[in-house]
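Please open the model in your viewer and keep the selection tool at hand. The tour goes from one selection to the next.

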Amino acid sequence: MTLTEINYDGIVGPSHNYAGLSPGNLAATSNKGAVSHPRAAALQGVEKMRGNLRRGLAQGFFLPLDRPNIGWLGKLATDLASAEPHLRAAAWSASAMWTANAATVSPAPDTPDGRCHLTVANLVTMPHRSHEWPGTLAQLKLAFADEAHFAVHDPVPPPFGDEGAANHMRMAPNHAAPGIELFVYGRAGGGFPARQHSEASRAVARAHGLDPERTVFIEQAEAAIAAGAFHNDVVAVANEQVLFAHEQAFADPGAAYADIREKLPQAEIVIVPAQRVSLQDAIASYLFNAQLVTLPEGDMALIVPLEAEETASVRDYLQELIAGNGPIRKIVPVDVRQSMANGGGPACLRLRVVADPATVDPRFLADEAKLDRIAAVVAEHWPEDIEPDQLADPALADRVRAARAALLEELELAELR
Ligand code: SUG
C-alpha cells in the first residue's frame, strides 16, 4: 500500500466561456462578455498536467460535464431557446473544470475506518455551479469505486454552502502519515457572499469521522472576501507540514496558528506580510492559488500562474523566498491564462487525493500517451472560440455535446454520458 498524492485536474470543457457569473470573483466579473478560447484553455490544462507528470508527480483527471445542461433548464420549466440569458449562461457553465471545488477529501490516515472519505461539494451559492454535483458525484463513484479503500458521500444539504477542497487544507508530516485537517469558512465580505458555511464544513468533518483533536476550523477574514478571496485557496495553500498564507487571510490568525501548532507541532507556517504583497496583489496574481507540491527528490515546489511572475511585488517576494532557507525551494510558472480569466489558477484546477494509485480506476489516471490522446480530441473537437451571444445557438450546443462525447469515447468512459 503506497499512499501518494494524486492531483486530479479538471479537463477544461468545450463550453468554456466568460459569462461573469460569480460575484466576488473579480477576474470572472471583469471578463464578463469576453470571447473565450475553449480549445486553447483545454490545451493549457493538458500542458499543466504534462509538466507535473514530468516532474514525477501522480496525475489524474476528471471529465467535463454534459453542457448545456438541458435537464437543469427543464427543471426550471424552460429550455435553451427560451431561457432568460442568465439561466442560459448558467446551463452552459464549464466551471466543473475547477476540481478543487469538486469535493472535500480526507485521506485514509486521518479517518477512523482507514478509508479515504470524499464528500461531493454542493456548490449551492452560485446558481451556475449548483447543478454540478450530480455529474461530479457520478465520476467520483467511478474513480473511487473500491469501497475497501474509499467512501464517497452525498453533498451536504442546502442551504449550507460547501465548495469543497478550495476551503480545506491538510497538513501532515508526510502525505502517508496521519495529519490535521483545516476547514476554512466565511461569513461575508464587502457585499460578497461567503461560499463556504461553517455548518457545511462541520458536517463534512463529522461525515468523515475526523478526530476533533486533529481538526481545525478557521474563519476567513471578511477583508479577504471583500478583496476577492471568494475561496480560501486564493489566500492560502498547504502541503505536508507547510502552510503558506497571506497575513490577512484569516479573521483571527493568531488563534488559528496557535491551534495548528498545538495539533501539529512540526507545522511550518510561512506568512506573507501585507507590506510585502498586498491582498490586492495576492488576489490579482493568484500567488497562493499555486500547487505546493513535494517533488520526488524531497524539495517543495510552488507551481504558480504566469501572472504571479508578472506582478512586481510578488516576483520580488518569490525571489527572496527561494533565496532564503525556507521549505519552498522552487518556483514553477505555468500558463493557465484562459482559466485565470475566470478566476481559476493552478490550484483551482486540481483536486488532491492521497491514495494508492493501484486502488483507483485507472481510466482517470494520466500518462503522457493518454495526455496526447486527450490533446488530439481537444484539437479536433473543441470550439476555437465562443462569443457570449453564441450561447443561444443550437448548433454550438450540438457541437459542444459531440466534443464531450468524443472524449468520453476516447477514454472508455462512455458510461458517463
Ligand atoms: O466558482 N469561476 C469559478 C472559479 C473557481 C475557482 N476555484 C477555486 N478557487 N478553487 C467560481 O467562481 C466563473 C464562470 C463565469 O463567470 O462564466 C466561475 O465560475
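## A buried lysine and its partner

Select Lys48 to begin: with a relative accessibility of 3%, Lys48 is buried. The coordinates come from a predicted model.

Asp9 belongs to strand β1 (residues 4-10) and Lys48 to helix α2, so the bridge ties together parts that are 39 residues apart in sequence.

## Helix α2

Select residues 38-54, which make up helix α2. How many residues does α2 have, and what does it reach from its first C-alpha to its last? The helix has 17 residues and reaches 24 Å, close to the 24 Å expected at 1.5 Å a residue. Of those 17 residues, 13 are buried, so α2 is largely enclosed by the rest of the structure.

Step just past the end of α2 to Gly56, and check the backbone there: Gly56 has a positive phi of about 90 degrees.

## Other salt bridges

Side chains of opposite charge can pair when their charged atoms come close. The structure holds 20 salt bridges, and the next selections show some of them.

Select Glu320 and Arg276. Their side chains meet in a salt bridge of 2.8 Å, N to O. Glu320 sits in helix α12 (residues 312-323), while Arg276 sits in the loop between β13 (268-272) and α10 (279-285), so this pair ties together parts that are 44 residues apart in sequence. Is Glu320 buried or partly exposed? Glu320 is partly exposed, with a relative accessible area of 47%. Arg276 is also partly exposed, at 30%.

Move on to Glu415 and Arg363. They form a salt bridge whose closest N and O atoms are 2.6 Å apart. Glu415 is in the segment after α15 (394-410) and Arg363 is in the loop between β17 (350-355) and α14 (368-381), so the bridge ties together parts that are 52 residues apart in sequence. Glu415 is exposed, with 53% relative accessibility.

For the last stop, select Glu47, Arg50, Arg54, Glu368 and Asp372 together. Salt bridges with shared partners join these residues into one network.

Note on methods. Residues are numbered from 1 along each chain as its sequence is written. This is a predicted model: local features need pLDDT of at least 70, side-chain atom pairs count only at pLDDT 80 or more; totals for chains, interfaces and linings use all residues. Side-chain values use heavy atoms; hydrogens and water are left out. Helices (H or I, at least four residues) and strands (E, at least two) are DSSP runs, numbered from the N terminus. The expected span of a helix is 1.5 Å times one less than its number of residues. Buried means under 20% relative accessible area, exposed over 50%, partly exposed in between (1.4 Å probe, protein chains only). A salt bridge is a side-chain nitrogen of Lys or Arg within 4 Å of a carboxyl oxygen of Asp or Glu.
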